[in-house]
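Please have the model open as you read.

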Amino acid sequence: GFWDWNAVTDEFHLSSEYKAMFGYTEEEASNQLSDWERFIHPDDIDHYCASADAHLKGETPFYESEYRVLCKDGSYKWILDRGKVMSWTEDGKPLRVTGTHADITHRKEVEIENQLLTADLKKALDNVQVLSGLLPICASCKNVRDDNGHWNSIESYVSKYSEADFSHDVCPECTKKLYPD
């Protein structure tokens, strides 16, 4: 959707696509910027204001912000809002500002899911220690030779190179062999 804002009068002209993006008809939607700002998600309002203020003060060449907007049906849509001051008053204040809104909800949902999956993977990798390569093990006593040529019990070797804990038991086959009675 397209928007055109008179920064002096606060008159806010919106394209029909802009209004429809959020579920509103032409008649239902206000043409005052302050009315539309109240639909910005509370967690996003500070970022929106900072981005807009920086551009309106001439600190940035254009305005760009991503934030959530409350729709008529109660859901939120992520939008990419871009704009630029097109004309200034004689005393150097913004007069006319124009811009666009694009629905980026799907992209943001994918990004958020990606961030969550990446965090889960990082957490899993932080908790995994991998034994790899050739692991020399004695065919008789089952001790393991480390990189320094020392022989260690399998328990001490695995404990040293992983976070595994051990408990000991006797399997059914060994129980029959060791305790035939």
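**Aromatic rings and the core**

Tyrosine 18 counts as buried, because its relative accessibility is 3%; buried means under 20% relative accessible area, exposed over 50%, and partly exposed in between, with a 1.4 Å probe and protein chains only. Before going on, note that this is a predicted model, in which local features need pLDDT of at least 70, side-chain atom pairs count only at pLDDT 80 or more, and totals for chains, interfaces and linings use all residues. Residues are numbered from 1 along each chain as its sequence is written, and side-chain values use heavy atoms, leaving out hydrogens and water.

Tyrosine 18 belongs to the residues with the most contacts inside the largest nonpolar core, alongside Trp3, Phe12, Phe22, Trp36 and Tyr67. That core has 22 residues, where a nonpolar core is a set of buried Ala, Val, Leu, Ile, Met, Phe, Trp, Tyr and Cys residues joined through side-chain atoms within 4.5 Å. At least two core residues come from each of β1 (2-6), β2 (12-14), α1 (16-21), α2 (33-37), α3 (45-56), β3 (63-70) and β4 (76-88); helices (H or I, at least four residues) and strands (E, at least two) are DSSP runs, numbered from the N terminus. The largest share, 3 residues, is supplied by β3.

Now for the rings: the structure holds 10 aromatic pairs. Rings of Phe, Tyr and Trp (its six-membered ring) pair if their centres lie within 6.5 Å, and planes under 30 degrees apart count as stacked, over 60 as edge-to-face and the rest as tilted. Tyrosine 18 and tryptophan 36 are edge-to-face, because their planes stand at 80°, with ring centres 5.1 Å apart. This pair links helix α1 to helix α2, across 18 residues. Tryptophan 36 is also buried, at 7% relative accessibility.

The rings of tyrosine 24 and phenylalanine 39 have centres 6.0 Å apart and planes at 45°, so this pair is tilted. Tyrosine 24 sits in the loop between α1 and α2 and phenylalanine 39 in the loop between α2 and α3, so the pair ties together parts 15 residues apart in sequence. Both are buried, tyrosine 24 at a relative accessible area of 16% and phenylalanine 39 at 15%. One aromatic cluster brings together Trp3, Phe12, Tyr18, Phe22, Tyr24, Trp36 and Phe39.
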